Amino acid sequence: MTKYTLIYFNARGRAEVTRLIFAQAGVEYEDRRLTSEQWAELKPTTPTGNLPLLEVDGKAFPGSGPIARFAAERHGLAGANDLENLKLAGLVDTIGDLRVKMVGVYFEKDETRKAELKKEFVETHVPRYLGILEKWAGANNSAGGWFYGPKVTYADLEFFVVSGYLKKDAPTMFDKYPALTKLLTSVENLPNIAKWLKERPETEF
């Protein structure tokens, strides 16, 4: 049996989607959460000097996006063929663009600039990206409200992670987006995901 070790900080961040993939697929893995001191020691030995890393039978692979896609494709949470996977990858990239805008606001240190970025994010970027994603989920018209096909994929899980940060500041943000609300409810109601959400470590972000 393949041995997986997912290495990240004690945070959801860019590793959480892979944790959700493993949870949904019922895959055993080591969830190694590093302190800043442990990371300082490990960093010089890593391929890119960044986290997360996924060790597969002892060999380390970097990149949150490639790791999630690999885990999803290997464990039945991606498309059925290359073209379907290409479509899903484009969808995940769109969600990733929204995440980048969100992270830019979060890490801005200048308070004046932070306020400007937050206003732009809420008034421009959120409606734009959620509008795109609402159309995608609505057009798929699946029973679970999924973005693509008849079952949950890693794109749904990726959006679920990002939505958690969005709802933290604006709990009613998704009231205008019924298709996305249906998708998020479906993810929460997946038994393996519900179990993970209940048992995972409580972290700030």
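This is a predicted model: local features need pLDDT of at least 70, side-chain atom pairs count only at pLDDT 80 or more; totals for chains, interfaces and linings use all residues.
Reader: Happy to start with α7; how many residues does helix α7 have, and what length does it reach?

Author: Helix α7 spans residues 178-189, twelve in total. From its first C-alpha to its last it reaches 16 Å, close to the 16 Å expected at 1.5 Å a residue.

Reader: Which residues of α7 are buried, and why do they line one face of the helix?

Author: Here is the general idea: an α-helix has 3.6 residues a turn, so residues three or four places apart point the same way. In α7, the buried residues are A179, L180, L183, L184, S186 and V187. Viewed down the axis of α7, the buried residues fall within an arc of 160°, so they line one face. On the other side, P178 and N189 are exposed.

Reader: And what covers the buried residues of α7?

Author: The cover includes α5 (111-140), α6 (154-169) and α8 (191-199).

Reader: Good, let's take two of those. How do I read the packing of α5 and α6?

Author: Two packed helices are described by the angle between their axes and the distance between the axes. For α5 and α6, the axes come within 13 Å and cross at roughly 140°, and the crossing is left-handed. From α5, K118, F121, L130 and L133 make the contact, with F159, L166 and D169 from α6. These residues comprise five nonpolar, two charged and no polar.

Conventions. Residues are numbered from 1 along each chain as its sequence is written. Side-chain values use heavy atoms; hydrogens and water are left out. Helices (H or I, at least four residues) and strands (E, at least two) are DSSP runs, numbered from the N terminus. The expected span of a helix is 1.5 Å times one less than its number of residues. Buried means under 20% relative accessible area, exposed over 50%, partly exposed in between (1.4 Å probe, protein chains only). The arc is that of the directions from the helix axis to the C-beta atoms. Contact means heavy atoms within 4.5 Å. Axes are lines fitted to C-alpha atoms, for helices over the stretch in contact, and angles run from 0 to 180 degrees between N-to-C directions. A crossing is left-handed if the near helix is turned anticlockwise from the far one by less than a right angle, and right-handed if clockwise. Ala, Val, Leu, Ile, Met, Phe, Trp, Tyr, Cys and Pro count as nonpolar, Asp, Glu, Lys and Arg as charged, and the others, Gly among them, as polar.
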